[in-house]
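Here's a quick tour for anyone opening this structure for the first time. Have a look at the picture, then read on.

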Amino acid sequence: MKIIASLVTVLVSGVLLSGCASRSPFSRTEFITLEATGYCKCQECCGWKRNLLMQPVYASGAQKGDRKKIGVTASGTKAKPGRTIAADTNVFPFGTRLKIPGYGWGTVEDRGGAIQGQRIDLFFRTHKEALKWGRKTVTVQVDRR
Ligand SMILES: [Zn+2]
């Protein structure tokens, strides 16, 4: 029984790892036009404030008042400029790689309240850089994992 159980495990993990194996490599590349904005880890971009103990907490929403880790994405990674993208994970699940003209290849690691549907938010080092990016309509290359 033990051998069968481990065999099942191997089969299941094999399926998970190669979920798209039956598709041709060409069908993995798709292009989508969407709206891209910029954000950083600041209070204004991420909706947090400091409580009486000067600890960062959520400023609004369901988690209002809860401690917030600054610069940590919704998927638990450390937000990195030139890499971290926030998206609607119903459209682009965590781990989806997107190539954005003017930003380069990034990975969906974060979510945002206003980031719904055909919208993405690109992480920048500073608020100034995020503002400089502004709001652009871009055609991105999608690499679904
Ligand atoms: Zn900011």
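Two strands count as paired if DSSP finds at least two bridges between them. Helices (H or I, at least four residues) and strands (E, at least two) are DSSP runs, numbered from the N terminus. What you're looking at is a predicted model: local features need pLDDT of at least 70, side-chain atom pairs count only at pLDDT 80 or more, and totals for chains, interfaces and linings use all residues. Residue numbers start from 1 along each chain as its sequence is written.

**The overall layout**

- The protein has 3 helices and 8 strands.
- Two residues are in contact if their C-beta atoms, placed from the backbone, lie within 7 Å. Among contacts with a separation of 6 or more, 60% link residues 24 or more positions apart.

- β1 (29-39) runs parallel to β7, with 5 bridges joining them. Here, tyrosine 39 has phenylalanine 123 in β7 as its bridge partner.
- β4 (84-87) runs antiparallel to β7, and 3 bridges join the two. Isoleucine 85 is partnered with leucine 122 in β7.
- β1 also pairs with β8 (residues 135-143), in the antiparallel sense and over 9 bridges. Look for alanine 36, which stands opposite lysine 136 in β8.
- β8 is joined to β5 (residues 97-100) too, by 3 bridges, and these two run antiparallel. Leucine 98 stands opposite valine 142 in β8.

**What's tucked inside**

- A residue is buried if 20 or more other C-beta atoms lie within 10 Å of its own, exposed if 12 or fewer, and partly exposed in between, with C-beta atoms placed from the backbone.
- β7 is largely enclosed by the rest of the structure, because 4 of its 5 residues are buried.
- A nonpolar core is a set of buried Ala, Val, Leu, Ile, Met, Phe, Trp, Tyr and Cys residues joined through C-beta atoms within 7 Å. The largest one here has 19 residues, and Ile85, Ala87, Ile120, Leu122 and Phe123 have the most contacts inside it.
- β1, β4 and β7 (119-123) each supply at least two residues of this core.
- Which residues does alanine 87 touch, leaving out those up to four places away in sequence? They are Phe92, Val108, Ile115 and Ile120.
- As a general rule, nonpolar side chains in soluble globular proteins tend to be buried together.
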